[in-house]
Amino acid sequence: MERMDAHELQIDGKGRVHKAFSPVRFLGNLLIVGGLLLLLGVGGWQGYIAWSNNQQLSSFHDEGVVVEPTLDPSTQAGLPIETPITSAAALPEPPPPNLNPGGLVLEGWAALHQQQIDNSPTTHLTIPSVGVDSKIVPIDWKMIPGKDGAAAKSEWQVADYAVGHHAGTANPGQPGNVVLSGHDDYKGEVFKNLHDVHKGDEVIVDTEKGQYVYIITDLVLVKEEGVSDAQKLSNAAYMNPTPDQTLTMITCWPYGIDDYRFIAIAKPYQSSQSAFSEFFIR
């Protein structure tokens, strides 16, 4: 029989002997129960996240999202890095607009619109289908010192509580690639729902002088963490300049893990009325 000190026992009003209440013992038991509940909660949450990510991957496949294969470093040594064939530079041209569908005489109309040139900075991004509604701020890169004498590397900054417009990329209305990026699970989560967009969704970009409408044409998923430098350079090709007007939006995925980059590519909307309808003077 277990031996106990006298101070560990007490007698109740009916003469029964039992253990005295011990705050230390009670706290220890409480911590054990709390630890077990925490383990169950964390395990359940991780299981849910894994299930949710698998569901999202299946949805990506159904939506035609291009999941880029990871480069094999053993086959890349000494080989030039090629731009993926699904990069913005290889996207098909949007269909030509019908400049005069009703046969009306619009003399001087195109010339009038050509005079409305907008090279002003971007200010706001809206994607109504997924609830993205955020200001746009300019962002630059910073140099990261290399380890053990290795060369320094450049790293793009990411805007807090806003969408970032990458320095050196095009402005709306100019030929080239307008590159925007944002957090999906940190400081504003402005692109939290970007991975839910569909091809054909409308994207609205405001500038200081006007407004541009784009249509999403391609969706891409690339592995970014735990991959070779060659893979990262290949991924970065989606930020390269393009010969035509392109909008590229980049964020991390999945939520809370962020080892992939989700990329949505859009082209200017062109109605049947005008070749210049992607720009509206406010």
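Tutor: The count comes to 1 cavity of 30 Å³ or more. A cavity here is a set of points, on a 1 Å grid over the protein atoms alone, where a 1.4 Å probe fits but cannot get out. Grid points are joined across faces, edges and corners, and a volume is the space filled by probe spheres set on the points. This is a predicted model, in which local features need pLDDT of at least 70 and side-chain atom pairs count only at pLDDT 80 or more, while totals for chains, interfaces and linings use all residues. Residues are numbered from 1 along each chain as its sequence is written, and side-chain values use heavy atoms, with hydrogens and water left out.

The largest cavity has a volume of about 50 Å³. Its lining, meaning residues with an atom within 4 Å of a point, consists of Asp-184, Phe-191, Lys-192, Leu-194, His-195, Thr-251, Cys-252, Trp-253, Tyr-255 and Phe-262. These divide into 6 nonpolar, 2 polar and 2 charged residues; Ala, Val, Leu, Ile, Met, Phe, Trp, Tyr, Cys and Pro count as nonpolar, Asp, Glu, Lys and Arg as charged, and the others, Gly among them, as polar. Strand 12 (residues 245-253) gives the most to this lining, with 3 residues. Strands (E, at least two residues) and helices (H or I, at least four) are DSSP runs numbered from the N terminus.

Turning to the charged contacts, the structure holds 4 salt bridges, each a side-chain nitrogen of Lys or Arg within 4 Å of a carboxyl oxygen of Asp or Glu. One of them joins Asp-244 to Lys-267, with the closest N and O atoms 2.6 Å apart. Asp-244 sits in the loop between helix 4 and strand 12, and Lys-267 in strand 13, so this pair ties together parts 23 residues apart in sequence. Both Asp-244 and Lys-267 are buried, that is, under 20% relative accessible area, with exposed over 50% and partly exposed in between (1.4 Å probe, protein chains only).

Another salt bridge pairs Glu-225 with Arg-261 at 3.5 Å, N to O. Glu-225 is in the loop between strand 11 (210-223) and helix 4 (229-236) and Arg-261 is in strand 13 (residues 260-268), so parts 36 residues apart in sequence are tied together. Glu-225 is partly exposed at 38% relative accessible area, whereas Arg-261 is buried at 18%.

Note on methods
On a 1 Å grid over the protein atoms alone, a cavity is a set of points where a 1.4 Å probe fits but cannot get out, and a pocket is an open set with protein on both sides within 12 Å along at least five of seven lines; lining residues have an atom within 4 Å of a point.
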